[in-house]
Amino acid sequence: MCHLIWQLITGQVAVTRNLVRQNMRGDKYCPRCGETEESVTHAIFECPPALQVWSLSATPISPGTFPVASVYTNMDYLFWRKNNILEPDQDKDPYPWIIWYIWKARNDKLFRGIDRDPLELVRLRRNGENTQLMETRNFTRCESALHSEVEALRWKMENMLQHSRCQSFGTDCKELIAMINEPQEWPSVATELEKIETMLICFLDFKITHVPRVRNQFSDFLSKTARTFRRELLFIGCSIPFWLPRPAQA
Ligand SMILES: [Zn+2]
């Protein structure tokens, strides 16, 4: 899912119109509203449930400006022009999340017959921070060590997105790096990895590298500080995140 935006722009998303072109599907109907042809613009921007999500989000919409019939114009608006209308701290719903939720709701309808309430999507995003913190604790208690690793990474990525431009992460857990690189090999943590892949849309230069514990001083410090995580996860090439207390010598 991390390439969803790129696929949107290049028209590679598996909307029914594209599947028909590739002889993978017999009809072009939109699975959500029954429109005779489901294009990318229709699925993400114009289909009534999708449009409803945009209306409920913090993204300003206005007739003739956004959304319009061109996927390029819409993405240009979300990438650049929206920032002139909306103060960054008012932008509570980053567009990669909205697009991902819309696409996921569309797939839930097509493949599982589930109807998602557009309000639910926005509510999920708005309550995201608290929910995720609770989830992190739950995972630490109930699930495997691998789940804890992935949850810890996701929580830190979320914080980095909100408070820092840091794109580089380090961990002493080799399995975590393997999971990020080849998520399809780890079906037991598929749900958690899918969330990471969604976050990756927002990181243009994401890196995660293996750092042996003994070779990094910050590692020891962070592992002592971040006691909620079973193993340490640290940031490379960044200052210590502001929400953590500083070590005495730093
Ligand atoms: Zn539709």
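Which residues touch the most other members of the largest nonpolar core?

What we have here is a predicted model, where local features need pLDDT of at least 70, side-chain atom pairs count only at pLDDT 80 or more, and totals for chains, interfaces and linings use all residues. Residues are numbered from 1 along each chain as its sequence is written.

The chain holds 12 helices and three strands; these are DSSP runs numbered from the N terminus, helices being H or I with at least four residues and strands E with at least two.

A nonpolar core is a set of buried Ala, Val, Leu, Ile, Met, Phe, Trp, Tyr and Cys residues joined through C-beta atoms within 7 Å. The largest one has 22 residues, and Ile-44, Ala-50, Ile-98, Ile-99 and Ile-102 touch the most other members. Helix 6 (95–112) gives two or more residues to this core, as do helix 3 (40–46), helix 4 and helix 5. The largest share, eight residues, is from helix 6. A second, separate core of 16 residues includes Ile-180 and Trp-155.

Ile-180 takes us to helix 10 (residues 174–181), where Leu-176, Met-179 and Ile-180 are buried. They sit on the same side of helix 10 because they cover an arc of only 95 degrees around the axis, taken from the directions from the helix axis to the C-beta atoms. Exposed Lys-174 and Asn-181 are on the face turned away from that buried side.

Definitions and conventions. A residue is buried if 20 or more other C-beta atoms lie within 10 Å of its own, exposed if 12 or fewer, and partly exposed in between; C-beta atoms are placed from the backbone.
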